[in-house]
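Hello,

Here is the structure for you to look through. My notes on its aromatic rings follow below.

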Amino acid sequence: MKRTKLFILFAAFLTIGKVEAQKPTRDQITETMLKATQYMVEEVSTNGGYVWYYLPDFSRRWGEMEAYPTMIWLQHPGTISMGHLFLDTYNGTDDEYYYLAAEKAASAIIWGQSYEGGWNYMVDFAGDRSLKHWYATIGKNGWRLEEFQHYYGNSTFDDDITSDAARFLLRMYLEKLDPKYKPALDKAINFILNSQYAEGGWPQRYPLQYDFNKEGHPDYTSFYTFNDDVTWENVHFLIQCYEVLGEERFLDPIRRGMDFYLLSQDGCGAWAQQLTLDMKTARARTYEPAAFLPSTTCENALLLLKFYQLTGDSRYLASVPSAIKWLESTQLPPEKANGGRNYPMFIDPTTHKPIYVHRKGSNVKYGYYYIDGDDSNLLSHYGGKCRIQLQELKDEYMRMSSIPVEEATKDSPLIPGKFEHEGSPQLYYDLNRVKFNLNPDAEQVRKIIDALDGQHRWLTKHAMTSHPYIGDGVRQETTMEHSSSIVGDETDTSPYPDPSEQEYLSTGTFVRNMHILLEYLKSNKTHAEK
C-alpha cells in the first residue's frame, strides 16, 4: 500500500513538473510578440497603416471590401485597432518598438484626415483620383454594401470611424504629451463638435451631402443616426475628452447628446435607427426600411441607464419602462423564433407588426430589395430576426431604481469632485473602445506561440474574400438564387467567407493573439518569468 501511494505521488510529481516545463516563459512570449509585430510593421503595413486581410503574396487585400495596394482601412480591425494594440503592448512591455509602431499608425491616420477634421472608411495614398476610381468600380458593385456605392468626399461616423481615430490620437497625445499630435487631435475634436445638430444628435456623414438618391429614396446620410452607435460613440468620446483634458466646453454637447435619446424616443417607447430632421422615422440603405428596431430600442434603453449613472438625472431612468413594455409586446411567438432570435429586426411604426426584408436578382445593377410580412427567405447578410438583452435591461433597471442616486453616480466622471488622481489621465481612464475579456491559460498561449510560422506570421483560413471586379452586372432575371446568400453573382464585389483552404494574413487574428499574449503576461507575471 505504501509503495502504491509513493508511486502515485511520484507520478503526480512528474506530471506537475512536465506541465510546469511546458508553461511559456516571459522571454518566449515577448520574443513571439516582437517577431510577429516586426513582420506586420516592416513587411505588411502601407505607410504605417493596414487593411483586414492579405493573401500571403500580397497579390490581393481586403478591408470591408477589396482594397488597392495603396489603400489602408481605418475601421476595426484595421489601422486604428492596430494603433491601439501597439500602445497597449508598449504600456505592457515598455518596449519602445511598439511606441514607434503606434507612431507610424498615427502618421497614416493623420495623413488621411480630411480638411474638416474627420475620416472616411479608408485612406488611399494614391490620392483622390484613385479613390474615386475605386468607388466607381469595386465600391459601386458591392450589392449589399450600399455605403460604398457612392463617392461622397466627406467623413463618416459610421462604425466609429471618426470618433475612434480621434480617440487614438488622444491616446497618442496623452502617452508622452507630445505636442505634434495636438493639431490633428484639436481638429478632430472640433469636427465632432461642429457636426452635432442643435438637438444633440449627429448625422452619419459630415459635411452634409444630399446627392445619393438610391432607387428614388432620399440620401439618408444627413439624418439623425443611431445605427452602429454613431450618436453614442461621439458622446462617449466627448466624455473621455472632458475627463482627460478637463475642458468644460465639452459638457454642453455631452448633455445635448444624451438628451437626444429622450427627444427621439417614440411615444410607444421604441426607437428607430434613423430619423429625419423633423423627427420622423426614416429608412437608410434599401434593406433598412423606416421602422422601429427592437435591437436599437434595447441598446438605447441601456444607454439611458448609463446616462442616469453619469448624471443622476431621473428623466433617463423614467424613460426606460416604456421601452421595456414595448419590447415585451413585440416579442415573436415561440414558433416564429429562430435559434433564440425571438424578435423581428424591423417593426412597422404604424401597425407595430414585423417587417421582413428580401432580395431578388443577381447583382447590384438589376437586383433589388423589397419588404413584406413573410419571414421566409430572409437576408443572410443582415438577418431578419435578432436576439436582444431584455432580461439584462430589466435587471439593470431594477438595480438602478433600488439604489440611492449618490450610489448610482459614485463613479461618474461628469460630477465635480468625484475623481482625485495623480499622474497621467491614462492611468485612471481607459480610452480603449474594444474590450477583450480574456482569461488565457498556458495551453492557449503555447498554441499561439507555436502557430507563428517561419516568417513570423500568424496565418488563418476562411477569411473574407470577394470576386475580383470584372464590370457591372449583366444578368437581369429576377431570380431568388441569391435571396439568402451573402453574395450575388460573379460581378458582385461584396465579401464572403472563403470556403477553401487558402491561407491569409489577418489583422484581426494578429490583434486577438497579441491581446491574449499581453493579457497572459499581465496576469501571470510570476509564472511567466524566465
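**Aromatic rings and charges**

Arg359 has its charged end over the ring of Trp143, 3.9 Å from the ring centre. A charge sits over a ring if NZ of Lys or CZ of Arg is within 6 Å of the ring centre and within 35 degrees of the ring normal. Lys176 places its charged end over the ring of Tyr99, 3.8 Å from the centre.

Some background. This is a predicted model: local features need pLDDT of at least 70, side-chain atom pairs count only at pLDDT 80 or more, and totals for chains, interfaces and linings use all residues. Residues are numbered from 1 along each chain as its sequence is written, and side-chain values use heavy atoms, with hydrogens and water left out.

Now the ring pairs. Rings of Phe, Tyr and Trp (its six-membered ring) pair if their centres lie within 6.5 Å; planes under 30 degrees apart count as stacked, over 60 as edge-to-face and the rest as tilted. That rule gives 29 aromatic pairs. Tyr90 and Tyr99 are a tilted pair because their planes are at 50 degrees, with ring centres 5.3 Å apart. Tyr90 and Tyr99 are both buried (under 20% relative accessible area; exposed is over 50%, partly exposed in between; 1.4 Å probe, protein chains only).

Tyr135 and Tyr151 pair edge-to-face, with 5.6 Å between centres and 75 degrees between planes. Tyr135 is buried, at 3% relative accessible area. Tyr151 is partly exposed, at 23%.

There is also a cluster: ring pairs link Tyr197, Tyr224, Phe226, Trp232, Phe260, Tyr261, Phe307 and Tyr316.

Best wishes
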